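Could you walk me through this protein chain? I am new to reading structures and would like a friendly guided tour.

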Amino acid sequence: MTKIAIDLDDVCFDFLVGFERVYGAPKQRTGPKLADMYPQFSADQLKQMVCWEGVYAQSPEIPEASSTLRRLVRGPVGIFYVSARSPTLTAITRNMLAIYNFPNPNLTFLLGSNKLKIDYIESAKIDVVLDDQPEIVASFSSGVSHGEAFLFDRTWNQSFNWPLRVRSWEEFYNGLVKLF
């Protein structure tokens, strides 16, 4: 079985759209950090705002995410959703996965640094990673000889040169077909 680790925010769900729906458009779009986009809020304010269920409830599915994953699980594929979301958001995340008909709700929440996420992905012997964070894909590919890492194209990772960059879920699916 091929194990695929999938990030949730900005890969499966458009977190920034959810945040904009609740708090308004950002002042600037310079990176994935909310502090860069919403300098009018303090770090403490942003922490409280991010953990609020309303943002996640307003985050739409990235087009084709659930349908592509449903196609993949027809074969020998295991889907693992790996997120830096707070574990307190388990119920709303499961609900969102169900609403959008995502397959296999294997959820792992690793609140904290990207290092925790990288360590989990490596210890679980994941074969393929799809994430929007350059640090995650670069660490995975350099540390695991049997795996492939796809970078989901977002505005904040444009300057990162990565050979397996995908701009849509269809591109991800076609990339997997070529690999396996």
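**A walk through the chain**

The model you are looking at is a predicted one. Aspartate 131 sits in strand β4, which covers residues 128-131, while lysine 117 belongs to helix α7, residues 114-123; the pair links distant parts of the chain, 14 residues apart.

Now step back and take in the whole chain. Its secondary structure comes to 9 helices and 6 strands. There are 180 residues, and 48% of them count as buried. The chain exposes about 8,800 Å², and carbon and sulfur atoms supply 52% of that area. Looking at contacts with a separation of 6 or more, you will find that 59% are between residues 24 or more positions apart.

Let's return to the charged side chains. The structure holds 7 salt bridges. One of them joins arginine 154 to aspartate 14, and here the closest N and O atoms are 3.4 Å apart. Arginine 154 lies in the loop between β5 (148-152) and β6 (165-166), and aspartate 14 lies in the loop between β1 and α1 (15-23), so this pair ties together parts that are 140 residues apart in sequence. Are these two partners buried or exposed? Residues under 20% relative accessible area count as buried. Arginine 154 has a value of 15%, so it is buried. Aspartate 14 is also at 15%, and therefore counts as buried.

Another salt bridge brings together the side chains of aspartate 153 and arginine 165, at 2.6 Å from N to O. Aspartate 153 is in the loop between β5 and β6, and arginine 165 is in strand β6; the pair links distant parts of the chain, 12 residues apart. Aspartate 153 and arginine 165 are both buried.

Threonine 2 has its place in strand β1, which spans residues 2-6. Its relative accessible area is 18%, so threonine 2 is buried. Which residues does threonine 2 contact, leaving aside its neighbours within four places in sequence? They are Pro76, Val77, Gly78, Asp127, Val128 and Phe180.

Definitions and conventions:
Residues are numbered from 1 along each chain as its sequence is written. This is a predicted model: local features need pLDDT of at least 70, side-chain atom pairs count only at pLDDT 80 or more; totals for chains, interfaces and linings use all residues. Side-chain values use heavy atoms; hydrogens and water are left out. Helices (H or I, at least four residues) and strands (E, at least two) are DSSP runs, numbered from the N terminus. Buried means under 20% relative accessible area, exposed over 50%, partly exposed in between (1.4 Å probe, protein chains only). Contact means heavy atoms within 4.5 Å. Accessible areas come from the Shrake-Rupley method with a 1.4 Å probe; for residues, only the protein chains shown count as cover. A salt bridge is a side-chain nitrogen of Lys or Arg within 4 Å of a carboxyl oxygen of Asp or Glu.
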